[in-house]
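Biologist: Could you take me through this model, one part at a time? I shall ask questions as we proceed.

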Amino acid sequence: MSDSTRTRRDRTHWLYLAVILAVVAGVLVGWLAPGAAQSFAPLGTIFVNLIKMMIAPVIFCTIVLGIGSVRAAATVGKVGGLAIGYFLVMSTIALGIGLVVGNLLQPGAGLNIASSAKAGHNLADTAHSAGGTWEFIQNIVPSTLLSSLTTGNVLQALFVALLVGFAVQAMGATGEPILRGVALLQKLVFRILVMILWLAPIGAFGAIANVVGKTGLDAVAKLGTLMLAFYLTCVVFVFGVLGLLLWSVSRVSIFKLVRYLAREYLLIVATSSSESALPRLIAKMDHMGVERTTVGVVVPTGYSFNLDGTAIYLTMASLFIAEAMGKPLSIGEQLGLLLFMIIASKGAAGVTGAGLATLAGGLQSHRPELLDGVGLIVGIDRFMSEARALTNFSGNAVATVLIGTWTKTVDVDRVRVVLDRELPFDERTMVDDDHGTPAQAQESETKDLVEA
């Protein structure tokens, strides 16, 4: 009775079926009526902007509640330091994997391409306009306390939330009313987010129709080798490297974790943006049993520093361009480019279209004669960005569980119960009032159903 009632109340599965249909419809419209399809572009942009609108409030509430509820401030510093160290190591490994696969497959060998210098130079200018690493660090501090919640800068929201969380923690019992108020605000924020997510099919249709209308299916076919190699590399990285690491450290199956996050993956494919699933990742990691402090620090930080998919893309795309232009890179040049990309991928993390812009900026600084080749992959970058986003998202989900294990801020029993589908995620509210036992959660849910 409980299962059937839950099924009637949770109708969100219809939402994600609608997203799939919208993606198929978008491809057909983009293929059959490309001119009309491009006019639907604002639908995708509006939906992604609606999601981005909610990211800062979600991060703020999660961080403040997490830090305000722990006694030892050192716990937050330990989590943050471990997260940054892990992100640097994994990004370097991902860059190395991209180099190995690119050298083995050589997808650009023998391909004659036309110069497209304008596209490459414009993208390089976009990357350099970010101001480099120091400007990136300087911009973490907002101009005002409230502007961090309105500018859309994830790291600014994280910075201010940390300050508020530590301040509330220092207030002791006096800060309890503030925590209760933030908890209510969090419930409101997630309720709004649930409402916005019902617009996902419209956003997915607009985004997919626009990109297919602009590039056509031929653009995908012409560079299919690079795309296939990139997608396969991302799959091997997620299920091989990350999966093995997750099992060896946390004894958690990557397949169960991916199944648990299936709806988030679909949302990313529909919007080609991992940011569209950031609020849901925070909510799901919290529900899975990772402490809010760890979730609130690792996930937002990872979205700027843990870009595994982007790292693989940077090296594979660089090798592809060099080979396609008949100017292959020597091993020494590849290692030099690898070191440069480690820095460049962090310095331009806040740039819109960071993958393509960072690639152009890196080539201009390291091998400027290759910059003209960036125009070759501009047409299919939108499709490759989906694999980047999915891999980045997977890397951050795995990182949250790993760092939670290392810092002992994860409930191992709850993780097992949630991933075995014994304690479903509440799609109606996206918020857990507590991390009680499965029995307590079931009792609470039964009470809610009776009262309803």
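**Helix H14 and beyond**

Modeller: Helix H14 (residues 278-288) is largely enclosed by the rest of the structure, because eleven of its eleven residues are buried. Please note that this is a predicted model.

Biologist: Which residues in H14 are buried?

Modeller: They are Leu278, Pro279, Arg280, Leu281, Ile282, Ala283, Lys284, Met285, Asp286, His287 and Met288.

Biologist: What follows H14?

Modeller: Gly289 follows H14, and its phi is positive, near 120°.

Biologist: Let us step back. How many helices and strands has the chain?

Modeller: The chain has 21 helices and zero strands. Of its 452 residues, 52% are buried. Among contacts between residues at least 6 apart in sequence, 85% join residues at least 24 apart.

Biologist: Now to helix packing. At what angle do the axes of H8 and H15 cross?

Modeller: The axes of H8 (residues 154-171) and H15 (residues 292-305) cross at roughly 155° and come within 9 Å. H8 is therefore roughly antiparallel to H15, as angles over 145 degrees count as such.

Biologist: Is that crossing left-handed or right-handed?

Modeller: The crossing of H8 and H15 is left-handed.

Biologist: Which residues meet there?

Modeller: From H8, Val154, Leu155, Leu158 and Leu162 meet Gly296, Val297, Pro300, Thr301, Ser304 and Phe305 of H15. By class, the contact of H8 with H15 has seven nonpolar residues, three polar ones and no charged ones.

Biologist: Is Thr315 buried or exposed?

Modeller: Thr315 has a relative accessible area of 2%, so the residue is buried, the cut-off being under 20%.

Biologist: And what does the side chain of Thr315 reach?

Modeller: The side chain of Thr315 reaches the backbone oxygen of Leu95, at 3.3 Å. If neighbours within four places in sequence are left aside, Thr315 is in contact with Leu95, Gly98 and Leu99.

Biologist: Finally, H20. What caps its N-terminal end?

Modeller: Asp411 caps the N-terminal end of H20, with a side-chain oxygen 3.3 Å from the backbone nitrogen of Asp413.

Biologist: Which residues of H20 are buried?

Modeller: In H20 (residues 412-419), the buried residues are Arg414, Val415, Val417, Val418 and Leu419.

Biologist: And what comes just after H20?

Modeller: Just after H20, Arg421 takes a positive phi of about 70°.

Key. Residues numbered from 1 in each chain as written. Predicted model: local features only at pLDDT ≥ 70, side-chain atom pairs only at ≥ 80, totals over all residues. Heavy atoms only, no water. Axes fitted to C-alpha atoms, helices over the stretch in contact; angles between N-to-C directions. Helix = DSSP H or I, 4+ residues; strand = E, 2+ residues; numbered from the N terminus. Parallel < 35°, antiparallel > 145°, perpendicular 65-115°, else oblique. Left-handed = near helix turned anticlockwise from the far one by under 90°. Contact = heavy atoms within 4.5 Å. Nonpolar A, V, L, I, M, F, W, Y, C, P; charged D, E, K, R; others polar. Buried < 20%, exposed > 50% of the residue type's maximum accessible area, 1.4 Å probe, protein only. Polar contact = N/O pair within 3.5 Å; in protein donor to acceptor, adjacent residues only side chain to side chain.
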